[in-house]
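Subject: Structure handover

Hi,

Here is the structure I promised to pass on. Please open it beside this email and follow along.

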Amino acid sequence: MTNKDVFKRIIRSVIDLLSQLRSMSTYARILEARSIARRMFITNSFDGLLSSLGVILGSYLSGATNPANYIGGVAGASFAMGFFSGFIATYMSERAERLRELRETEKAVLHSLKGSIYERAARVVPLYVAIWSGFGAIILPLIGILPFIISAVLGFGARISLLVYASAAIIIGELFALGAYLGHISGENPIISGLRLALIGLGAVIFFAFIGAVV
């Protein structure tokens, strides 16, 4: 299987996952869990993007010249954060909370809810929240390293500094989009809210550039 085939399979898997999430949102609406999933997605996306930016800039300062090093570093960190912390930990904690709420509801109505839509929702919603939690920590950082992925898949040579700056620009753009989305949710100015998060990413770039100049 070629690199292009692997890349196409990943894209297809992401599309299928989004389709399943759309069907799960019905249960999430019942238990009013979409806001929780949204918060987890934004929080882990922010953490994942800043972590990937640190990996990219740190690798560049250490003298890494192979795009595969950057891809492996960011993908490994994103998967570890997104799967073990973002998905598994979120699923276990959310499952415990939803089952507790279900048991308390059963005690209040003096009737078992086994087999009901509420029992089904209590078991599906934790998965829904966990998927969005892990999705943010994995997918957005991978989008940020698209310049490295494209360079590796297509096999064309490019100055590593150009790939680093391109990835940093994409990540800062993603941070701006997250901030703008937060502004939309809170009713604040999306542009100002987006700039707040983008400036954090830009500050990280400036910091690493300063360290590189000093070292």
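Arg 100 is partly exposed, because its relative accessibility is 39%, between the 20% and 50% limits. Keep in mind that this is a predicted model.

Which residue does Arg 100 meet in a salt bridge? The partner is Glu 104, with N and O 2.9 Å apart. Glu 104 is also partly exposed, at 43% relative accessibility. Both residues sit in helix H3. They are four residues apart, so about one helical turn separates them.

Now look at Glu 94 and Arg 98. Their side chains form a salt bridge too, at 2.9 Å from N to O. Helix H3 holds both, with a spacing of four residues, or about one turn. Are they buried or exposed? Glu 94 is buried, at 10% relative accessibility. Arg 98 is buried as well, at 6%. The cut-off for buried is under 20%.

Next, find Arg 196 and Glu 188. They form a salt bridge whose closest N and O atoms are 3.8 Å apart. Arg 196 is partly exposed at 47%, and Glu 188 is partly exposed at 40%. Back at Arg 100, salt bridges with shared partners join Glu 97, Arg 100 and Glu 104 into one network. How many salt bridges does the structure hold? There are four.

Then come the aromatic rings. The count is 10 aromatic pairs. One of them is Phe 83 with Phe 87: the ring centres are 6.1 Å apart and the planes are at 10 degrees, so the pair is stacked. The cut-offs behind that are centres within 6.5 Å and planes under 30 degrees apart. Both residues lie in helix H3, which covers residues 67-109. They are four residues apart, about one turn of the helix. Phe 83 is partly exposed at 31%. Phe 87 is partly exposed at 24%.

Last, the surface. Ile 191, Leu 195, Leu 199, Leu 202 and Ile 206 make a nonpolar patch of about 470 Å². Pick out Leu 202 in helix H7, residues 190-214. Leu 202 is partly exposed, with a relative accessible area of 36%.

Best wishes

Key: Residues numbered from 1 in each chain as written. Predicted model: local features only at pLDDT ≥ 70, side-chain atom pairs only at ≥ 80, totals over all residues. Heavy atoms only, no water. Phe/Tyr/Trp six-rings, centres within 6.5 Å; stacked < 30°, edge-to-face > 60°. Helix = DSSP H or I, 4+ residues; strand = E, 2+ residues; numbered from the N terminus. Buried < 20%, exposed > 50% of the residue type's maximum accessible area, 1.4 Å probe, protein only. Patch = residues over 30% accessible without salt bridge, like charges linked within 9 Å, V, L, I, M, F, W, Y side chains within 5 Å. Areas by Shrake-Rupley, 256 points an atom, 1.4 Å probe, with all protein chains shown as cover.
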